[in-house]
Amino acid sequence: MSRTSRVIRFLFWRRTVNTLRRLRQSPAQLLPILILTPGVILGVMIAVGVLLIPPYDAAWAEDSKRFFTPFTDNVRSIIMVLLLAVALSLIHRALEEDLLAFRQSELDFLFPAPISLPQILLARMATDYLFCALTTFTLVLYVLAPMRIVMPSTAGRGWALATWLGVMLFYISATNLGRLVQAALSAGKWSGLAAAKWLRFFALGLSIALLVGLLWDRAQGREPFESAIDLLTSRLIYWAFLPCGLVADMFVAPLSESVNLGGSLAILLATAVTSGAAVLALTRPAFESALAATQRRHAIWQAFRKADASSIRAAQLAGRTVRGNPYGLPRLGSGSWALVAKSLVYGIRSSPWGLIIVALLAVAPLGVVPLMEGHERLEGVMPYMPVLMLALVFAWSQRVRLNVREEFSHLSVLKSLPLSPFSMLLALLVVPAGGFSLFLIVSGSAVAESTSLVNGPQVYSVLSIAPALYTALGSVHVCSGLLYPSYDPGLSKGYVADLALTPVAILVFLLVAGSAAGALALTGAVWAAAVAGNLTGIAATCVGLGVAGFLYDRFEP
Amino acid sequence: MKRYRETTAVDGLSITLQPGEVVGLVGPNGAGKTTALRCISGVVRPTDGRIRVVGYDVRAHEREAKQRLAFLAELPNPYELLTVWEHMQFVAIAYGTEDILKDRGEEILHRLRLLDRRNDLVLTLSKGMKQKLAAACAFIHDAKVYLLDEPLMGMDPKGQREFLEMVRETASGGGAALVSTHILDTAERVCDRILVLSRGRIIAEGGLDEIRHRAALDGGRLEDAFLTLTESEETAE
């Protein structure tokens, strides 16, 4: 046995044994695993069982096949889009030189040792392939099992196995291709970051073009989704993205007589093996391209351990070109306005792409909602839009906990500022509350203006109280952040921190939303709902921040 | 030379270590110290130039060269789910020196005051103890050349003293060490020769007197000479 394989086996074996020992001694980690594992195993067994049992009613199966055959292209197109998205995201990661990474420990102790680097790379790839096999097995299983229920006679056992293998080989090929790109980039002069940016522009442009095309089709009196499906099932797209097309074909094989499962599998296998061999042949560039990614991931992991969102983002941006603005912080005022300005700059700088996507999502209802008209089920959702918006405010306000813990990790700076706890905590809430409310107001107004299916006064009432409601809920979460400042990645503390003040948050939510709903029901006027909701919301915020300020004064992390 | 796209991390670097010699590598942040050590250790390949370790070319005879090298990375991250002793075992397997591990490993752990933690998982160790463990791992096999990147970071004074003694003993036994450090007092005290690196190039080399002479100083400490040299280099750029 070679020295390299002995090292790899020793590491695998000892780390597995020590992990199990550690789990046994840590109830906080063991309990969730003991609770979740039987559920996962049961789910997998049921899905496997569904795929293995013979059809119980052949006549019904034939009927169901006849019923589903017209939808073959729809299913195929959806799978094609998903596979394309996966492949594009892998290539994008490769261009950012982030697809192949090792552990920092491997970099420090394995790389300098006199052992075989190709074998280390092979072990890394084999581990990744195993993980890929398990992940795709679970995912594919949960897609195929329902398909097998509705088309039991023609969907044989071989189909399920072949489709899983197809998805796995597709993913492996795409990963290998990405690693080759990463290795080639690291060996050459060119950085992939610019290409990654263009790829993002391409994906964004494609999405916008698709939406505009669908709207154009609708304006021309055609069925828009049919045009999209025609495009995705065209021969041009099929040959341009052959591996995606082959896998998508495998999914719908029971509905289509023309699919050759064996042939498709053979092509995918050849692609995976060839690309894998090419990566192994480029051992050195593959290793060197992984150095920066390894260090970046290690820094991100360390930041995750601290659960400090700004450290995580800073680690993610390390090595990228993020330029500051030459004029410093915007001058919004003095005192706690400096905190508002800082949060604003930080938010914009840390995720400009995220902001562009959020802005597009906010105006997307103008295009998407008209497309939903005429679809019975989608139309049925519309009357519940105000309730959905309120639920969104409640759910999203919980992010304040993250922001607060992030700020409190710089407590030595905060505490030394000559500001009252109340104004400081309010300043910490202003940017997340303002940003989210702006998004909700734009997207909610877009929904209300683009369809008559929603109740306009109800929607505008919700939008008018959104900032106050978010701030009131946020003040409760600030208290939660002050009571449980240390967010250990271990499950137990996280659960306690998240659940502790949830009943109080629900009470505040009911008070603010209830007062606005009551005023709207009594007067029918949006302004009355706005006045009632905002007054209750501001009062709740003052009480919440008052309590939080009291806690802050006594707060020592 | 090592180049990363437009950035030249190390340029025209020529270092020869003699047996029994401890050489200090000092320089400001980003001077190329870590890159230089990584190139010599075989972790990365130089864009241009050759590196030979005890006669073995690192590129052509990578494993033979690495067998004769010991590399202690800056802020090392030992495997957290191994115990201290298992970590030593793992390194001994990697270097093929399991036969001497029992006696030698225990002695090294004893000297660095880690023996009583030998059965503890690495994740329970403090930063300084992890540094000591990584340092201990560097001494398990009979290396001829020691590449030590900021080896004293996080170590307590007693650990630092013991570690430096181990380095000196190794040198007395015919080994050579290249120590990258920011602690100039240590470099002054322990190293036979000092290389001052700035922007990937050596700007001064020799004993303390030669470095002082190069900085045009009559007396003073290494720190004064270092600051004079690096500041004049930055001004010249």
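Predicted model: local features only at pLDDT ≥ 70, side-chain atom pairs only at ≥ 80, totals over all residues.

Trainee: Which residues line the second largest cavity?

Mentor: The lining includes B:Val22, B:Pro151, B:Leu152, B:Leu164 and B:Thr181. Helix α7 of chain B, residues 184–190, gives the largest share of this lining, with three residues. About 60 Å³ of space lies in the cavity.

Trainee: And how much space lies in the largest cavity?

Mentor: The largest cavity holds about 120 Å³ of space. It is lined by 13 residues, and those closest to its centre are A:Asp108, A:Phe109, B:Phe71, B:Tyr95 and B:Ala138.

Trainee: Which elements supply that lining?

Mentor: At least two residues each come from α5 (104–110) of chain A and from β6 (69–72), α3 (84–95) and α5 (127–138) of chain B. By class, the lining of the largest cavity has eleven nonpolar residues, one polar and one charged.

Trainee: Is B:Glu86 buried or exposed?

Mentor: B:Glu86 is buried, with a relative accessible area of 7%. A:Arg14 also counts as buried, because its relative accessibility is 18% and the cut-off for buried is under 20%.

Trainee: What about salt bridges within chain B? Which residue pairs with B:Glu169?

Mentor: B:Glu169 forms a salt bridge with B:Arg111, and their closest N and O atoms are 2.8 Å apart. The two residues belong to distant parts of the chain, 58 residues apart, with B:Glu169 in helix α6 and B:Arg111 in helix α4 of chain B. B:Glu169 is partly exposed at 41%, whereas B:Arg111 is buried at 17%. Both belong to a network of salt bridges that also links B:Glu162 and B:Glu165.

Trainee: Finally, the surface. Which helix gives the most to the nonpolar patch?

Mentor: Helix α16 of chain A gives the most, with three residues. The patch covers about 650 Å², and A:Ile208, A:Leu360 and A:Val442 are among its residues. A:Leu360 is in helix α16 of chain A and counts as partly exposed, at 33% relative accessibility.

Key:
Residues numbered from 1 in each chain as written. Chains lettered and ligands numbered in written order. Heavy atoms only, no water. 1 Å grid on protein atoms, 1.4 Å probe; cavity = no way out; pocket = protein on both sides within 12 Å on 5 of 7 lines; lining within 4 Å. Points joined across faces, edges and corners; volume = space filled by probe spheres on them. Helix = DSSP H or I, 4+ residues; strand = E, 2+ residues; numbered from the N terminus. Nonpolar A, V, L, I, M, F, W, Y, C, P; charged D, E, K, R; others polar. Patch = residues over 30% accessible without salt bridge, like charges linked within 9 Å, V, L, I, M, F, W, Y side chains within 5 Å. Areas by Shrake-Rupley, 256 points an atom, 1.4 Å probe, with all protein chains shown as cover. Salt bridge = Lys/Arg side-chain N within 4 Å of Asp/Glu carboxyl O. Buried < 20%, exposed > 50% of the residue type's maximum accessible area, 1.4 Å probe, protein only.
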